[in-house]
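Hi,

Here is the structure I promised to hand over. My notes follow below it.

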Amino acid sequence: MFLLRLAVKNVLRKSWRSLITATPVLVGVMMTILGWGFIDGIDSAVIFGQIKSDSGHFRVMAEGYLENEEQAELDELIDDSEAVVELLRDAGEARLHPRLTFTAEISDGRNGLMARGVGIEPETYFEDFVLPIESAFTGDAGGLQPMWLGAGLAGDFDVAPGDTLTVLARTRYGSYNANEYLVRGLIRSQNPAIDSVVFFIPLADARELLDADGAASEVVGVMPRRASAVDLPARLAPRLAGAGLEIQTWRQRAEPILRVNRIRRKILGIIAGIIILVAATGIMNTVVMAAFERIREIGALRALGLQTEGVVVLFVAEALIIGLVGAAAGCGLGAALVHWFSGGLDFSAMSDAGGLAMSTSMVLYMELDAAQIATAFLIGVGMALIAALYPAIKFSRLPPVEAMRR
Amino acid sequence: MSEPRAKTQIELRGVTRAYGEGDALVRALDDVDLEIRQGDFLALAGPSGSGKTTLLNLVGSIDAPTGGRILFEGTDLGALTDRERTRFRNQRIGFIFQDFNLIPVLSARENAELPLQLLGESSRAERRRASREMLEEVGLGKLAHRLPRELSGGQQQRVAIARALVKRPGVVLADEPTANLDSATAQEILDLMRSFNRSLGTTFVFSTHDPMVMDYARRLVRLRDGKVAAIEEREEE
Ligand SMILES: Nc1ncnc2c1ncn2[C@@H]1O[C@H](COP(=O)(O)OP(=O)(O)OP(=O)(O)O)[C@@H](O)[C@H]1O
Ligand SMILES: [Mg+2]
């Protein structure tokens, strides 16, 4: 207790040096928190943005659909989507959406564009997915089937709600079929992969267009909590395999991104490690300097009855105080910055300039995580402790006579 | 006064302290026999390098002899472990240093309290009272809150005396306690030491080059080349 008070006084006495020593600890801890927050933010933006606007928490498809998804997506369809919905009835509290996805050319009579059609049940689908309808047509449809168009796609055609477009697609059996649709609304989600290429039509109309009665590409599930989807494959696999179906969860689907982020975490770990090494060197240096400056003081204290471990406690406590202050400030600053960015770090301008069509939200939301902040804090403080220990022990072993002679 | 000889407190028997080896061997103390008596006011004199500091360090058990034995009130210092020796110093010996060696971040009173703090056996209130009283006794009651750098050299050495005596040790060892002080202040310090020597019966052993300081001693031990050259008993003035 007395040594602790003495340590505080010594740290305050050399406040300038203490601050300089605390700075790299601060920077290391802050960078660690920021880095983690940033990577988690990428997780959130990319993966969770994808879940909310497009992929849901899991999807069930006919076996073989995944291999053909890119080229011949109509080859492996679920023939009876109602039966699959029935089969999944007890799969958690999932809300289920059969969906029929296809490639089509849309045209306004002069220009044509390849786009991605998705047949859905609009009443429930727009409730469960975050697909804000920017402007809607409320007038008389005149018997035309409705369509909702990604805002980017609409911009390419210069069409507005109330206009009509023709959709040309191959049916399930390979022949061409076309139909005319009334644009009911424009969708501007945060997901460019939707806004720039996708149009939605009612599932029944899509089935008619593709000559695929009762069929669906996939049945997508939206759950109250994303964690509850993770153990679905294990639970449902036997049942699904028996019906010629397979399941993919959001986590399986996001695996490539998660893998990249794991690498990012490793790189971050190395960078943080280097900063923390610098900080440790600083702490060690400060302890050595303080010990040399106060070597006669150590000698006097030893003569007056301070045991060797008391000397260790004194110098380690001084380093620990510096480490605590640095780590606490680093946590405070890091958390404040993450909090600040949690309002959204907007990369839109950057991606527009680069002409990137990333399939992700261009706004990065960082997340504040108490466990991560605590970990970063402990790393900072633990580092200070370890860095101080060696020189402190070294100096404590110096015989008091030697210390007094300096 | 011709009182009967006081009893022996510290006894050095054939004490040698050698540094280095072979051709470079230096005997800082060479086969010294010496008795220090309870209540002594003893000065160690001798030219530079004669072994004064070495002898004080050995008696103070912050150093250990390479030969011979030191008996301190019956305890063989050579038989103690480092921990025991540290504890022994704290409980039985007071130190006064040439350059005061106060802890710069602690106030005068906290410095005086230090030996009590280091052992931590007494309560906070007891420690405060003892250190405050001790400072009053060295005449610094009003400056108790000051830091060492806010005190003159003489005042700092008074704090050091308070620190040395706060535990009422049997012996106070002082290596050239007045070397950094002007002669008027040096005399004040010596008067203070002698008054504690009389009132508390504490043994004082101090080293010096200064004949004026030697005059204060009741016994004077002259060292030369690590040996006791002469011992002079003095009349008190
Ligand atoms: N650690 C050491 N290593 C080698 N030699 C030492 C060491 N300490 C002391 N000596 C030698 O021992 C001898 C006695 O030294 P000591 O310091 O006891 O003398 P002193 O009488 O106190 O001198 P001074 O009046 O200069 O303080 C000297 O020759 C000194 O060089
Ligand atoms: Mg000396």
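Salt bridges come first. Over all chains, the count comes to 36 salt bridges. Keep in mind that this is a predicted model.

One of the pairs is Asp54(A) with Arg99(A), whose closest N and O atoms are 3.7 Å apart. It links distant parts of the chain. Asp54(A) sits in helix H2 of chain A, and Arg99(A) in strand S2 (residues 95–107) of chain A. The two are 45 residues apart. Arg99(A) counts as buried, because its relative accessibility is 3%, and the cut-off for buried is under 20%.

In chain B, Glu137(B) forms a salt bridge with Arg168(B), with 3.6 Å between the closest N and O atoms. This pair also links distant parts of its chain, 31 residues apart. Glu137(B) belongs to helix H4 (residues 124–137) of chain B. Arg168(B) is in the loop between helix H5 (153–165) and strand S7 (171–175) of chain B. Both ends count as partly exposed: Glu137(B) at 37% relative accessibility, Arg168(B) at 43%.

Another chain B pair is Glu232(B) with Arg222(B), whose side chains meet at 2.7 Å, N to O. Glu232(B) lies in strand S10 and Arg222(B) in strand S9, so the bridge ties together parts that are 10 residues apart in sequence. Glu232(B) is partly exposed, with a relative accessible area of 25%. Arg222(B) is partly exposed too, at 31%.

Back to chain A. Asp54(A), Arg59(A), Arg99(A) and Glu218(A) are joined into one network by salt bridges that share partners.

Next, the ligand. Where does ligand 1 lie? It lies between chains A and B. It is surrounded by 14 residues, and the closest are Arg405(A), Ser48(B), Lys52(B), Thr53(B) and Thr54(B). By type, the shell divides into 3 nonpolar, 7 polar and 4 charged residues.

Polar side-chain atoms of chain B approach oxygen atoms of the ligand as follows:

- Ser48(B): 2.4 Å from an oxygen atom of ligand 1.
- Thr54(B): 2.5 Å from an oxygen atom of ligand 1.
- Thr53(B): 2.7 Å from an oxygen atom of ligand 1.

On its own, ligand 1 has 630 Å² of accessible area, and the protein covers 69% of that. Two helices give two or more residues to the shell: H15 (400–405) of chain A and H1 (52–59) of chain B. H1(B) gives the most, with 3 residues.

Then the backbone. Most residues other than glycine have a negative phi. Two aspartates are worth a look here. Asp211(A) has a positive phi, near 55 degrees. It is found in the loop between helix H8 (203–210) and strand S9 (218–222) of chain A. Asp211(A) counts as partly exposed, at 44% relative accessibility. Asp225(B) has a positive phi as well, near 50 degrees. Its loop runs between strand S9 (219–224) and strand S10 (227–233) of chain B. At 62% relative accessibility, Asp225(B) counts as exposed.

Last, the surface. Trp16(A), Leu19(A) and Ile20(A) form a nonpolar patch there, with about 380 Å² of accessible area together. Ile20(A) is in helix H2 (residues 15–55) of chain A. Ile20(A) is exposed, with a relative accessible area of 52%.

Best wishes

Definitions and conventions:
Residues numbered from 1 in each chain as written. Chains lettered and ligands numbered in written order. Predicted model: local features only at pLDDT ≥ 70, side-chain atom pairs only at ≥ 80, totals over all residues. Heavy atoms only, no water. Near = heavy atom within 4 Å. Polar contact = N/O pair within 3.5 Å; in protein donor to acceptor, adjacent residues only side chain to side chain. Areas by Shrake-Rupley, 256 points an atom, 1.4 Å probe, with all protein chains shown as cover. Helix = DSSP H or I, 4+ residues; strand = E, 2+ residues; numbered from the N terminus. Nonpolar A, V, L, I, M, F, W, Y, C, P; charged D, E, K, R; others polar. Patch = residues over 30% accessible without salt bridge, like charges linked within 9 Å, V, L, I, M, F, W, Y side chains within 5 Å. Salt bridge = Lys/Arg side-chain N within 4 Å of Asp/Glu carboxyl O. Buried < 20%, exposed > 50% of the residue type's maximum accessible area, 1.4 Å probe, protein only.
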